[in-house]
Amino acid sequence: MSSSQPSSRLGILLPGLGAVGSTLIAGVLAARNGLGSPIGSLSQLGRVDPGDGHPRPIRELVDLASLDDIVFSGWDPITPNALEAARTSGVLGAEHLDALSGELEGIIPMDAVFDQTWVSRLDGVRVKSTGGHWASAEALIDDIARFRAEHDLERVVMVWCGSTEAFSEPCEIHDTVAAFEAALRADDPRVAPSQIYAYAALQSDVPVANGSPNLMLDLPCMVELAESRGVPIAGRDFKTGQTLMKTILAPGLRARMLGIRGWYSTNILGNRDGYVLDDPANFRTKELSKLGVLESILEPDEHPDLYGELDHVVRINYYPPRGDDKEGWDNIDIFGWLGYPMQIKVDFLCRDSILAAPIALDLALFLDLAHRNGSAGVQDWLGFYLKAPQTADGSEPDHDLFHQLTALETQLLQWRAG
Ligand SMILES: NC(=O)c1ccc[n+]([C@@H]2O[C@H](COP(=O)([O-])OP(=O)(O)OC[C@H]3O[C@@H](n4cnc5c(N)ncnc54)[C@H](O)[C@@H]3O)[C@@H](O)[C@H]2O)c1
């Protein structure tokens with residue numbers, strides 16, 4: 001049984017109002033105004049069988065916030081408003097943006113906590129000048145409180161839609177909340193901006209999802225803080241495009257006991273995300289998040305003859321003419337009966353943000369549902385949406401899309417509305 005009804009409005013805060021953020025906001029406004037359908041969103045279009053052989057819409061089974069009740073805001077060091085962000089990213093056309101221009105123009109991001117050492121390709125201009133990490137965290141906490149008060153919001157969630165930061169690894173400053181707070185006070189250069197947002201959100205009892213590969217939530221200090229404050233979290237990296245295809249195809253090949261010798265994935269991409277990822281330090285963060293999926297699905301230790309020698313390579317190339325219309329090629333070298341080789345070629349001409357926006361929406365609505373049902377800490381069941389899902393017990397995540405869907409549906413049925 002769901003413990004509380006979503007009677008009031010839900011605030012969604014987006015650090016990062018670029019291609020994904022603006023496509024999410026414009027898409028929700030478009031759906032609200034009858035200008036389009038929220039395709040790709042399970043929360044809006046999915047159905048689940050509650051056990052009686054009659055699948056029902058998820059929206060009827062659990063108490064989700066309605067699209068009409070969402071209020072957006074966020075932070076960005078460059079974007080002046082959501083309309084400009086949508087026009088610059090070039091994802092949606094005039095047929096959607098013109099009708100929504102007034103509303104989109106009114107969504108003006110707050111000044112960001114930004115540090116160019118973490119995203120060298122961007123030159124932030126709308127940046128807080130607080131003079132230190134601790135003051136930055138306090139400024140974000142104030143922003144969240146002001147947003148709540150201005151819109152009279154009982155419930156707020158945060159979805160990181162900001163840039164991919166330079167690669168970094170967990171260290172002793174992330175071991176505990178106390179150690180992280182000491183690092184904030186000491187202005188430790190190992191604290192990334194996304195971690196300051198996560199800290200501020202959790203201290204404000206705001207659930208957080210991380211749509212980027214950043215080291216933001218998968219840290220002992222953030223898990224400790226989320227658990228102690230009773231707040232759900234889910235990271236990391238939206239599972240769109242090529243990784244989505246990989247986690248659809250690989251379980252099928254494994255189910256038929258077909259061998260895989262190599263999987264070469266390459267992309268061309270021309271949006272701002274692609275530009276940021278053109279820096280090797282930022283690409284490294286993305287690469288690690290993308291590489292993990294095959295091993296968990298194929299379990300080479302159990303089937304060394306089929307998957308023991310698999311070469312998995314991932315490349316992303318920045319190519320401006322394409323904008324947000326990414327092209328992802330996969331060459332998969334497989335083998336079958338008596339070891340005879342075969343090849344599969346996938347050429348996915350996708351629109352990155354069109355695939356990411358419904359994920360961001362579902363994560364926000366489902367985290368809000370989890371919060372209302374008293375579920376704190378890492379939400380394993382949201383791994384369906386993520387390239388590198390965080391797990392509550394630190395175990396290897398299950399990347400099989402179909403296992404992930406079952407886990408999500410099972411969890412939703414436990415919170416079935418009466
Ligand atoms: N587009 C996709 O399909 C997709 C898929 C998976 C993951 N992602 C991840 O989602 C994130 C957003 O992708 P995008 O395509 O919208 O990129 P984008 O470059 O269009 O937008 C990112 C925005 O974040 C802002 N930003 C950077 N640092 C910030 C900070 N410290 N605080 C607030 N804002 C900050 C930038 O100014 C920019 O406007 C990236 O990390 C990307 O890797 C995107």
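Me: Before we start, what do the domain bounds rest on here?
Reply: Domain bounds come from an automatic or database domain assignment. For this protein that assignment gives domain 1 (10-238 + 354-414) and domain 2 (241-349). The centres of the two domains, taken over C-alpha atoms, are separated by 26 Å. Their contact takes 28 residues from domain 1 and 25 residues from domain 2, where two residues are in contact if their C-beta atoms, placed from the backbone, lie within 7 Å.

Me: Thanks! What should I keep in mind about the model and its numbering?
Reply: It is a predicted model, in which local features need pLDDT of at least 70 and side-chain atom pairs count only at pLDDT 80 or more, while totals for chains, interfaces and linings use all residues. Residues are numbered from 1 along each chain as its sequence is written.

Me: Why is Ile 332 called buried?
Reply: A residue is buried if 20 or more other C-beta atoms lie within 10 Å of its own, exposed if 12 or fewer, and partly exposed in between, with C-beta atoms placed from the backbone. Ile 332 has 21 C-beta neighbours inside 10 Å, so it counts as buried.

Me: Where is Ile 332 found, and what does it touch?
Reply: Ile 332 is found in strand β10 (residues 327-335); strands (E, at least two residues) and helices (H or I, at least four) are DSSP runs, numbered from the N terminus. Leaving out residues up to four places away in sequence, Ile 332 touches Ile 260, Trp 263, Gln 343 and Ile 344.

Me: Which residues come nearest to the ligand?
Reply: Of the 36 residues around the ligand, Gly 16, Gly 18, Ser 212, Arg 272 and Asp 352 come nearest. To be near, a residue needs its C-beta atom, placed from the backbone, within 6 Å of the molecule or strand.

Me: Which helix gives the most to that shell?
Reply: α15 does, with four residues. Helices α1 (19-32), α11 (272-277) and α15 (352-372) each supply at least two. Domain 1 and domain 2 each contribute at least three residues to the shell.
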